Amino acid sequence: MALILALESSCDDSAAALVTSDRQILAQAVVGQNDAHRPFGGVVPEIAARAHVEILPGLVRQVLHEADVGIGEVDAIAATAGPGLIGGVMVGLLTGKGLALSAGKPLIAVNHLEGHALSPRLVDPELDFPYLLLLASGGHCQLLEVSGVGRYRRLATTIDDAAGEAFDKAAKSMGLGYPGGPAIEALAAEGDRGAVPLPRPLKGSKEPHFSFAGLKAAVQRAVASGDHAHADIAASFQQAVVDCFVDRTRGALRLSDAPSLVVAGGVAANQAVRSGLQQLAEQHGRAFSVPPAWLCTDNAAMIGWAGAERFAAGLVDALDAPARARWPLDDSAEAVRGAGVKA
Ligand code: KG4
Ligand code: ZN
């Protein structure tokens, strides 16, 4: 049994966790920075990096204390090394390197996306490789075939916005707070999902790529028109995203005969998304797995679990492992034709 101390700092959540290779989470803590960023209507990278500096060391002490574990008992230190906002990634990775060096423990530089991608296996021991994964977060929207640790084949990606970004921008256009996903989901519960006609970009197109820019613009127009209740817009928008997910994922099921369909990443916390994809899996005779909502949004338990999987495979990193703003899971995947140039 291996014990991993994990750090996460790629966006606006500071997190630490102690996770074992036999799927126990001995302690974990997440501190969001929503209040710090709210006045700016989005995440400010410099504010996030500074907040990670202030918050992370205390979280490490807290999880060790809660689990009554000394740093000497830990087998390895796992830290997110990208992709994400580079200042925050550097803070977490350097904190991890400092702990690894001073305690004489190996460092595991974890790809944040691999954290999301493997997270369902932390809570679902039955979920074996390979599986088809819809990874939908604030920065990414991809369909991947996951064949093992470090083994990803990208089947589709977004040609413009990520799904979470669409939720956040739709929320912003209605004056809802950041992050927008939970706010839209709550408001949608009071609305009529058939009330506002909205597009389903790329629906029916041959390759299972995603596009959300046109949907976002349509929401902005619906809000500006003043013709609709915001709850109806929220419900209609959420339904449009679910329809796109289901249609695009149905296309990907033709490209992969993996026995299970899995959804992960922050947007997978959404109940309508979860049930839409579960139905799709049932229709196609695939098993379905989705982590609990707290494990979908950013946390360090998933980084610890990815660390445990990598540690078991003998994959540890040197102390000069780089922080990476961009770090695709499938680096052989080519840019998609029609994709806008986005930072
Ligand atoms: O995975 P995550 O926590 O961070 C990134 O790696 O990006 O994902 C954050 C995204 C945000 O865009 C947020 O609005 C969205 O996930 N999100 C949701 C929900 N909870 C978080 N979207 C829809 N419904 C939710 N309940
Ligand atoms: Zn994430």
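Leu202 counts as partly exposed, at 31% relative accessibility (buried means under 20% relative accessible area, exposed over 50%, and partly exposed in between, with a 1.4 Å probe and protein chains only). The residue is placed in the loop between α6 and α7 (213-225), where helices (H or I, at least four residues) and strands (E, at least two) are DSSP runs numbered from the N terminus. Although Leu202 is not a glycine, its phi is positive, at about 70°. The structure is a predicted model, in which local features need pLDDT of at least 70 and side-chain atom pairs count only at pLDDT 80 or more, while totals for chains, interfaces and linings use all residues. Residues are numbered from 1 along each chain as its sequence is written, chains are lettered from A and ligands numbered from 1 in the order in which they are written, and side-chain values use heavy atoms, with hydrogens and water left out.

A positive phi, near 55°, also occurs at Asp68, a residue other than glycine. Asp68 lies in the loop between α2 (45-67) and β4 (76-82), and it counts as exposed at 67% relative accessibility. One joins Phe129 and Pro130, with omega about -5°, and Pro130 belongs to the loop between α4 and β6. The other runs from Tyr178 to Pro179, with omega near -5°; Pro179 is located in the loop between α5 (163-173) and α6 (180-188).

The secondary structure of the protein chain comprises 11 helices and 10 strands. The radius of gyration of the chain is 20 Å, close to the 20 Å given by the globule rule for 343 residues, so the chain is as compact as a globular protein of that length (the radius is taken over C-alpha atoms, and the rule is 2.2 Å times the number of residues to the power 0.38). Along its principal axes the C-alpha trace spans about 60 × 45 × 35 Å. Of the 343 residues, 53% are buried.

Five strands form an open sheet with mixed pairing, in the order β8-β7-β6-β9-β10; two strands pair if DSSP finds at least two bridges between them. The edges are held by β8 (151-157) and β10 (287-289), each of which has a single partner strand, so one side of each is left without a neighbour in the sheet. Within this sheet, β6 (residues 131-136) and β9 (residues 260-264) pair in the parallel sense over five bridges. Ser260 in β9 is the bridge partner of Tyr131.

His112 lies in helix α4 (residues 112-123) and Asp298 in the loop between α10 (293-296) and α11 (301-312), so the pair ties together parts that are 186 residues apart in sequence. His112 is buried, with a relative accessible area of 6%, and Asp298 is buried at 17%.

Gln239, in helix α8 (residues 230-253), counts as buried at 18% relative accessibility. Leaving aside neighbours within four places in sequence, Gln239 is in contact (heavy atoms within 4.5 Å) with Arg193 and Arg200.
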